[in-house]
Amino acid sequence: MRDKGEVFERLMHLAVDHGIIVRFAPLKASTGRMKGNRLAIQQSLSIDDINYNLAHELAHAFLHYDKGNITSDAISPEAHEAYEEQADRAAKLLLCAVGA
């Protein structure tokens with residue numbers, strides 16, 4: 001298993017290589033949000049939760065980039081649930097691939 005800093009670094013390289021800007025913010029309603037090429041992660045998370053949320057939001061960026069606004073108020077609850085399940089599965093795969 002890689003140390004947590006290396007996992008985070010690999011995920012950040014993936015984001016930067018694909019033009020995704022990652023910032024930490026005091027999010028109130030979620031632990032991660034993606035809008036366009038900007039990704040925000042809740043600033044008070046543990047490193048494990050940061051890595052998971054970063055991988056989850058990157059998964060949305062790669063899987064759902066052509067779906068428009070996929071927030072729960074913009075699509076049906078069923079579609080939102082499906083997108084979240086897809087991002088969760090892809091995040092787990094991505095974390096395994098980078099050594100988490």
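The following conversation walks through a predicted model of one protein chain.

Q: To start, how many helices and strands does the chain have?
A: The chain has 3 helices and 3 strands. This is a predicted model.

Q: And which pattern do they follow along the sequence?
A: Read along the sequence, the pattern is α-β-β-β-α-α.

Q: What share of the residues is buried?
A: Of the 100 residues in the chain, 32% are buried.

Q: How much of the contact total comes from residues 24 or more positions apart?
A: Among the contacts with a separation of 6 or more, 48% are between residues 24 or more positions apart.

Q: Turning to the sheet, in what order do the strands lie?
A: The 3 strands form an open sheet in the order β1-β3-β2, and the pairing is mixed. The edge strands are β1 and β2, each of which pairs on one side only. Neighbouring strands are turned by 20° against each other on average, with direction ignored.

Q: What packs on that sheet?
A: Helix α2, residues 47-63, packs on the sheet and touches β1, β2 and β3. The direction of α2 makes about 155° with that of β3.

Q: Mixed pairing, then: which sense does β1 take with β3, parallel or antiparallel?
A: β1 and β3 pair in the parallel sense, over 5 bridges. Within that pairing, V22 has L39 as its bridge partner in β3, and A25 has Q42.

Q: And β2 with β3, parallel or antiparallel?
A: Those two strands pair in the antiparallel sense over 4 bridges. There, M34 stands opposite L39 in β3.

Q: What holds for strands of a sheet in general, as to how they pair?
A: Strands of a sheet pair through backbone hydrogen bonds, in either a parallel or an antiparallel arrangement.

Q: How many residues lie between the strands in the hairpin of β2 and β3?
A: There are 2 residues between the strands of that hairpin. In the hairpin, G36 takes a positive phi near 65°.

Q: What about Q42, buried or exposed?
A: Q42, found in strand β3, is buried because its relative accessible area is 11%, and the cut-off for buried is under 20%.

Q: Which residues does Q42 touch?
A: Leaving aside residues up to four places away in sequence, Q42 touches F24, A25, P26, L27, K28, S30 and T31. One of these, A25, is also its bridge partner.

Q: How accessible are F8 and F24?
A: F8 counts as partly exposed at 21% relative accessibility. F24 also counts as partly exposed, at 38%.

Q: Changing topic to α3: what should its 21 residues span?
A: At 1.5 Å a residue, helix α3, residues 77-97, should span 30 Å. Its end C-alpha atoms are 30 Å apart, which agrees.

Q: Which residues of α3 are buried?
A: The buried residues in α3 are Y83, A87, A91, L94 and L95. They cover an arc of only 100° around the axis, so they lie on the same side of α3.

Q: Why do residues three or four places apart point the same way?
A: An α-helix has 3.6 residues a turn, so residues with that spacing point the same way.

Q: What does the face turned away from the buried side of α3 carry?
A: That face carries the exposed residues E78, E81, R89, K92, L93 and C96. Just after α3, G99 takes a positive phi of about 100°.

Q: Last one: where is A59, and is it buried or exposed?
A: A59 is in helix α2. The residue is buried, with a relative accessible area of 4%. The C-alpha atoms of A59 and A90 are separated by 5.8 Å, although the two residues are 31 residues apart along the chain.

Definitions and conventions
Residues are numbered from 1 along each chain as its sequence is written. This is a predicted model: local features need pLDDT of at least 70, side-chain atom pairs count only at pLDDT 80 or more; totals for chains, interfaces and linings use all residues. Side-chain values use heavy atoms; hydrogens and water are left out. Buried means under 20% relative accessible area, exposed over 50%, partly exposed in between (1.4 Å probe, protein chains only). Contact means heavy atoms within 4.5 Å. The expected span of a helix is 1.5 Å times one less than its number of residues. The arc is that of the directions from the helix axis to the C-beta atoms. Two strands pair if DSSP finds at least two bridges between them. Axes are lines fitted to C-alpha atoms, for helices over the stretch in contact, and angles run from 0 to 180 degrees between N-to-C directions.
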